[in-house]
Amino acid sequence: MPVSLTWPRERRITRRAEYTACYDGGERRYTKYFVVFARSSEDLGNGRLGLAVTKKCGNAVARNRIKRVLRAFFRLHQHEMPCMDIVVTPKKHLRADRFSMAVAESELLPLLGELSAATTAESASPSGDAA
């Protein structure tokens with residue numbers, strides 16, 4: 001049976017309040033080309049993804065290319081995505097014409113591993129401190 005590579009609506013961050021909750025209440029991780037905001041998800045089944053590609057990244061063609069490559073990356077690596085709300089924001093010096101799947105993998109794959117490890121460590125520790 002083939003694996004589904006779709007990204008349904010319930011796995012996307014769609015509302016402004018959800019983005020701001022991730023910005024304000026989540027942790028920030030930095031890479032060379034991205035700032036990633038991650039917050040533990042209220043939906044225990046799946047992690048959700050939001051992309052925030054601003055006009056600082058270039059014109060509409062450049063922004064759409066960045067979003068297309070990022071969506072393809074997360075679609076291909078959805079089994080490695082932790083159960084968190086994740087917002088990916090490219091930095092302004094990311095050049096869309098040189099941005100490829102290889103760059104996305106080298107930047108974001110280690111970060112997904114770190115977030116997955118943090119999620120499993122968080123769920124393994126007791127939720128309340130008795131001290």
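In this briefing Ala, Val, Leu, Ile, Met, Phe, Trp, Tyr, Cys and Pro count as nonpolar, Asp, Glu, Lys and Arg as charged, and the others, Gly among them, as polar. The structure is a predicted model, in which local features need pLDDT of at least 70 and side-chain atom pairs count only at pLDDT 80 or more, while totals for chains, interfaces and linings use all residues. Residues are numbered from 1 along each chain as its sequence is written, and side-chain values use heavy atoms, with hydrogens and water left out.

**Overall build**

- The chain has three helices and four strands, where helices (H or I, at least four residues) and strands (E, at least two) are DSSP runs numbered from the N terminus.
- Read from the N terminus on, these elements follow the order α-β-β-β-α-β-α.
- Of the 131 residues of the chain, 37% count as buried, with buried meaning under 20% relative accessible area, exposed over 50%, and partly exposed in between (1.4 Å probe, protein chains only).

**Nonpolar core**

- In soluble globular proteins, nonpolar side chains tend to be buried together.
- The largest nonpolar core here has 27 residues, and those with the most contacts inside it are F34, F74, I86 and V88; such a core is a set of buried Ala, Val, Leu, Ile, Met, Phe, Trp, Tyr and Cys residues joined through side-chain atoms within 4.5 Å.
- Strand 2, strand 3, helix 2, strand 4 and helix 3 each supply at least two residues of this core, and the largest share, six residues, comes from helix 2.
- F73 is also found in helix 2, and F73 counts as buried because its relative accessible area is 0%.
- The C-alpha atom of F73 lies 6.6 Å from that of M101, although the two residues are 28 residues apart along the chain.

**The cavity**

- A search of the whole structure finds one cavity of 30 Å³ or more; on a 1 Å grid over the protein atoms alone, a cavity is a set of points where a 1.4 Å probe fits but cannot get out, and lining residues have an atom within 4 Å of a point.
- The largest cavity has a volume of about 30 Å³, a volume being the space filled by probe spheres set on the points, which are joined across faces, edges and corners.
- V36, F74, I86, L108, L111 and L112 line this cavity, and by class the lining has six nonpolar, no polar and no charged residues.
- Helix 3 (residues 101-124) gives the largest share of that lining, three residues.

**Salt bridges**

- Side chains of opposite charge can pair when their charged atoms come close.
- The whole structure holds six salt bridges, each being a side-chain nitrogen of Lys or Arg within 4 Å of a carboxyl oxygen of Asp or Glu.
- R29 and E27 meet through their side chains in one of these salt bridges (2.9 Å, N to O); R29 counts as buried because its relative accessibility is 19%, whereas E27, at 32%, counts as partly exposed.
- D85 forms a salt bridge with R39, the closest N and O atoms being 3.9 Å apart, and this pair links distant parts of the chain, with D85 in strand 4 (residues 84-90) and R39 in strand 2 (residues 34-40), 46 residues apart.
- D85 counts as buried because its relative accessible area is 1%.
- The side chains of D97 and R95 also meet in a salt bridge (2.8 Å, N to O), in which D97 is exposed at a relative accessible area of 54% and R95 is partly exposed at 43%.
- Salt bridges that share partners join E18, R39, R48 and D85 into one network.

- N59 sits in the loop between strand 3 (48-51) and helix 2 (60-76), and its side chain reaches the backbone nitrogen of A62 at 3.0 Å.
- That is a polar contact, a pair of N or O atoms within 3.5 Å; within protein, one must be able to donate a hydrogen and the other to accept it, and residues adjacent in sequence count only if both atoms are side-chain atoms.
- S106 is placed in helix 3 and counts as exposed because its relative accessible area is 52%, while its side chain reaches the backbone oxygen of V103 at 2.9 Å.
- S106 and T31 are 75 residues apart in sequence, and their C-alpha atoms are 9.9 Å apart in space.

Terms used:
On a 1 Å grid over the protein atoms alone, a cavity is a set of points where a 1.4 Å probe fits but cannot get out, and a pocket is an open set with protein on both sides within 12 Å along at least five of seven lines; lining residues have an atom within 4 Å of a point.
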